[in-house]
Amino acid sequence: MSDLAGLKVVVAGLGPMGRDISRVFDRAGADVRVVDVSPEVTEAGLGKIRAEAESAGEAVSSISAATLAEAVPDADVFLEAVVEDMDVKRVLLAEVAALGRDELLVASNTSSLSVGEMGKAFGDPGRVVGMHFFNPATKMRLVEVIVGGGTSEAVAERARELAEALGKTAVVCRDSPNFVVNRVCRPLYYEAQLLVTQGVPAGVVDAAASGGLGHPMGPLTLLDFTGLHTHLGSSETALREFGDPRYRPIPLARSLVRSGFTGRAAGRGFYDYGTEKPRAAIARLRREPGSEGADVRVIAAGPDARAFDLPATTGGRTITLYRCHGGPGEGDVAAVRKLAGSGEVVVDSSDGRWLDVLPAGVGWLRLHRAPAGDLFAEIVRDDVAKVAPTPAATAVVDAVGATSVEVPALPGLVVDRLAYCMVNEAAGLVEEGTASAGDVDVALTLGMNHPRGPFETLQLAGAPAVYEALRSMADLTGDPRYRPAQLLRRQAAGARP
Ligand SMILES: NC(=O)c1ccc[n+]([C@@H]2O[C@H](COP(=O)([O-])OP(=O)(O)OC[C@H]3O[C@@H](n4cnc5c(N)ncnc54)[C@H](O)[C@@H]3O)[C@@H](O)[C@H]2O)c1
């Protein structure tokens with residue numbers, strides 16, 4: 001690639017991000033000069049860049065060490081990837097402002113700080129823009145282009161073009177805490193942790209996220225990988241910046257961090273790596289389809305009978321799967337009772353209100369079709385509420401060939417709770433004008449490798465169903481975390497016949 005041939009780029013800060021970003025510009029043909037805190041540290045960083053490129057089978061063509069005074073005066077682009085500390089960035093930007101040309105484009109790879117504030121520190125906010133690369137920047141295709149309060153349109157557009165010239169996909173986002181990907185994933189992490197505090201094993205949460213939503217890595221495995229201290233820090237920032245109690249960190253994260261259990265690197269976080277690694281815990285808790293469904297014919301009934309096609313089943317034992325993804329209305333409870341009077345019935349719903357009305361002997365599960373097409377089920381087992389999986393529930397899961405986990409009777413169960421809380425956050429973000437729905441979906445699929453973006457999930461489930469599910473969670477818990485975005489409420493109203 002030589003899309004950026006002749007472009008003079010300065011990268012400051014040779015941590016993992018600055019090193020990878022330098023290589024990405026180098027690959028695209030730019031002339032890259034790198035700077036760290038001293039000539040010695042810069043040389044060491046450049047040495048690492050060469051070694052990392054070599055171990056990836058690449059050669060570095062045009063990266064050299066420099067000082068700010070040498071590199072900035074004739075540079076076209078200055079990109080900072082120094083420590084995530086506004087004071088450090090502020091001092092650096094003032095120095096660059098004193099050295100650079102009037103045309104210099106200044107980009108920051110910050111993952112959480114205000115681009116507008118950096119623009120002010122630079123002294124010419126129009127020229128400062130966020131270019132948030134994802135780790136590892138040599139592989140991840142997404143760049144969030146952050147438009148600060150004072151960023152000029154031309155500079156935002158130039159940053160977008162630069163990202164595309166690097167072979168990346170850019171999404172544009174207004175300067176707002178956590179930008180897009182980390183913001184939409186915040187409730188995913190919060191709900192995952194809350195589920196653990198509510199008694200759900202970490203392996204069940206992670207199995208549900210990968211089995212039901214197709215996430216390549218469950219949220220708790222991911223938090224352990226990135227470090228709970230980092231997550232806790234960004235959670236505290238989110239709470240402070242938004243001033244909304246729904247962003248308050250989960251006490252469990254704080255207590256784990258205080259005890260030094262910060263995740264995989266520390267040997268313990270949500271998982272205890274000395275005892276059982278996430279993959280083994282997930283495999284132990286996930287049930288593969290067995291033989292209980294060999295002679296079973298599953299008949300779908302209820303308002304969501306046609307939610308998605310079930311595999312054809314044949315057999316002498318008939319079980320009715322009453323699919324009612326929303327809350328149970330009086331008619332649903334009466335229908336389930338009637339069906340239970342003459343045969344075996346299993347309710348398919350994640351709505352926590354079924355706990356109050358589920359007739360004795362009726363099974364309870366929630367069946368999902370994951371993005372890759374596989375079926376995944378959450379089977380409700382709640383020893384406290386005395387809900388046991390019925391033989392019919394197991395038989396249905398086996399007959400349709402679903403993998404499954406057992407979950408307690410909590411509102412939204414696990415999969416819908418995780419998915420819909422992300423949809424809600426994404427809807428709030430779009431409503432306030434931070435990014436477009438299309439860009440949010442692109443960001444989540446490229447930045448997190450989620451097979452579906454939140455708006456695709458919304459489209460599939462339908463706004464009325466997602467809105468109802470969130471309202472039910474909010475009613476049953478009283479927690480503002482589940483307060484539906486007004487945009488969802490309006491979309492739900494607009495979608496009703
Ligand atoms: N690590 C990630 O996963 C990730 C992902 C996206 C964005 N980011 C952001 O990218 C930036 C860098 O992240 P990192 O993880 O590579 O950081 P890091 O803390 O590992 O490395 C920062 C580097 O900057 C250098 N530095 C500090 N002050 C400097 C100055 N005044 N001039 C030049 N160099 C200076 C340090 O010596 C160090 O080499 C941060 O803003 C971070 O929030 C990080």
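1. Strand E9 and strand E10 (residues 317–323) pair in the parallel sense over 6 bridges, where strands are DSSP runs of E with at least two residues, helices are runs of H or I with at least four, both numbered from the N terminus, and two strands count as paired if DSSP finds at least two bridges between them. Within this pairing, Thr 318 in E10 is the bridge partner of Arg 297. The model is a predicted one, in which local features need pLDDT of at least 70 and side-chain atom pairs count only at pLDDT 80 or more, while totals for chains, interfaces and linings use all residues. Residues are numbered from 1 along each chain as its sequence is written, and side-chain values use heavy atoms, with hydrogens and water left out.

2. These strands belong to an open sheet of 6 strands with mixed pairing, in the order E9-E10-E11-E12-E13-E14. Strand E9 (296–301) and strand E14 (403–407) stand at its edges with a single partner strand each, so one side of each is left without a neighbour in the sheet.

3. Helix H13 (residues 330–342) lies across E10 and strand E11 (344–348), running at about 175° to E10; angles run from 0 to 180 degrees between N-to-C directions, and axes are lines fitted to C-alpha atoms, for helices over the stretch in contact. Helix H15 (residues 391–400) also packs on the sheet, touching E9, E10, E11, strand E12 (363–369), strand E13 (375–380) and E14, with its direction at about 90° to that of E10; contact here means heavy atoms within 4.5 Å.

4. An open sheet of 8 strands, again with mixed pairing, has the order E3-E2-E1-E4-E5-E6-E7-E8. Its edges are strand E3 (63–65) and strand E8 (169–174), each of which has a single partner strand, so one side of each is left without a neighbour in the sheet. Strand E5 (residues 105–108) and strand E6 (residues 128–133) run parallel and are joined by 3 bridges, and Ser 108 stands opposite Gly 130 in E6.

5. Around the ligand there are 20 residues, of which Asp 36, Glu 84, Lys 89, Asn 109 and Ser 111 come nearest, a residue being counted as near if one of its heavy atoms lies within 4 Å. An oxygen atom of the ligand is 2.6 Å from an N or O atom in the side chain of Asp 36. Polar backbone atoms also take part, with a ligand oxygen atom 3.0 Å from one of Met 17 and a ligand oxygen atom 3.3 Å from one of Val 82.

Definitions and conventions. A polar contact is a pair of N or O atoms within 3.5 Å; within protein, one must be able to donate a hydrogen and the other to accept it, and residues adjacent in sequence count only if both atoms are side-chain atoms.
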